[in-house]
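Subject: A structure to look through

Hi,

Here is the structure I said I would pass on. Please open it next to this email and follow along as you read.

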Amino acid sequence: MNKSALFHQFVAFTATIHQVTHDLTQNVNTANITPLQYKILEYIKVSQPVTPTEISECQHMSLPNTSRELRKLLERQLIEKFNDTADRRKQYVRLSKEGEKMMEEAFACIEERFLQLIQHATQDDLKDIQHALTILEEKVLQQNG
């Protein structure tokens, strides 16, 4: 197996994933929040509870910029902060009830678009796609953190 060719295929694949993700999430009704705020909320939704540092690292933002965006989301009552019970200095962030509602609506819209992408896939195709995603998650995308 030519690992260099595999790497180039992976780079092309990740570029395609970014484009498809952009297309799926474009113009999703999210209560007039910025695309960056949406990405933060999406990360919180799938990973909560998270720390501001985890958000900062995932979004490739400075911690002060992350804190500013979190403050805006807190003011809009889309997230809530809480302290670690074992270490009161450590803060976590999770979606508020309003944030959960908004993200559920956004995900429903995105799911509808995703279903349109796979509308012509056979049951065998769907099983293959699910298997491929599982292999990618387990062998390539797993994070050792």
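Below is what I found in it, going from the whole chain down to single residues.

**The whole chain**

One thing to keep in mind from the start: this is a predicted model. The protein chain has 6 helices and 2 strands. A box of roughly 50 × 35 × 25 Å, taken along the principal axes, is what the C-alpha atoms fill.

How much of the chain is buried? Of the 145 residues, 23% are. The accessible surface comes to about 10700 Å², and carbon and sulfur atoms account for 52% of that. I also looked at contacts between residues at least 6 apart in sequence: 54% of those join residues at least 24 apart.

**Two pairs of helices**

Two packed helices are described by the angle between their axes and the distance between the axes.

Start with helix 1 (residues 3-25) and helix 5 (residues 97-117). Their axes come within 9 Å and cross at roughly 125°.

Now try helix 2 (residues 35-47) and helix 4 (residues 63-75). Here the axes are 11 Å apart and the packing angle is about 80°. Angles of 65 to 115 degrees count as roughly perpendicular, so that is the word for helix 2 and helix 4. On the helix 2 side you will find Leu36, Gln37, Ile40, Leu41 and Ile44, and they meet Glu69, Leu70, Lys72 and Leu73 of helix 4. This contact divides into 6 nonpolar, 1 polar and 2 charged residues.

Have a look at Glu69 while you are there. Leaving out residues up to four places away in sequence, Glu69 touches Thr34, Leu36, Gln37, Ile40 and Met61.

**A pair of rings**

A pair of aromatic rings is described by the distance of the centres and the angle of the planes. The count in this model comes to 1 aromatic pair. Its members are Phe82 and Tyr92, with ring centres 5.7 Å apart and planes at 25°, so the pair is stacked. The two residues are 10 apart and link distant parts of the chain: Phe82 sits in strand 1 (residues 79-83), Tyr92 in strand 2 (residues 91-95).

Phe82 has 23% relative accessibility, so Phe82 counts as partly exposed. Tyr92 has 18%, so Tyr92 counts as buried.

**Some spots in the loops**

Go to the loop between helix 2 and helix 3 (52-59), where Pro49 lies. The peptide bond from Gln48 to Pro49 is cis, with omega near -5°.

Next, find Asn27 in the loop between helix 1 and helix 2. Its phi is near 60°, which is a positive value in a residue other than glycine. Asn27 has a relative accessible area of 69%, so Asn27 is exposed.

His60, in the loop between helix 3 and helix 4, also has a positive phi without being a glycine, with a value near 55°. With 74% relative accessibility, His60 counts as exposed.

**One last residue**

Finally, Thr53 is in helix 3. With a relative accessible area of 40%, Thr53 is partly exposed. Thr53 and Gln91 are 38 residues apart along the chain, and their C-alpha atoms are separated by 9.7 Å.

Note on methods: Residues are numbered from 1 along each chain as its sequence is written. This is a predicted model: local features need pLDDT of at least 70, side-chain atom pairs count only at pLDDT 80 or more; totals for chains, interfaces and linings use all residues. Side-chain values use heavy atoms; hydrogens and water are left out. Axes are lines fitted to C-alpha atoms, for helices over the stretch in contact, and angles run from 0 to 180 degrees between N-to-C directions. Helices (H or I, at least four residues) and strands (E, at least two) are DSSP runs, numbered from the N terminus. Buried means under 20% relative accessible area, exposed over 50%, partly exposed in between (1.4 Å probe, protein chains only). Contact means heavy atoms within 4.5 Å. Accessible areas come from the Shrake-Rupley method with a 1.4 Å probe; for residues, only the protein chains shown count as cover. Angles under 35 degrees count as roughly parallel, over 145 as roughly antiparallel, 65 to 115 as roughly perpendicular and the rest as oblique. Ala, Val, Leu, Ile, Met, Phe, Trp, Tyr, Cys and Pro count as nonpolar, Asp, Glu, Lys and Arg as charged, and the others, Gly among them, as polar. Rings of Phe, Tyr and Trp (its six-membered ring) pair if their centres lie within 6.5 Å; planes under 30 degrees apart count as stacked, over 60 as edge-to-face and the rest as tilted.
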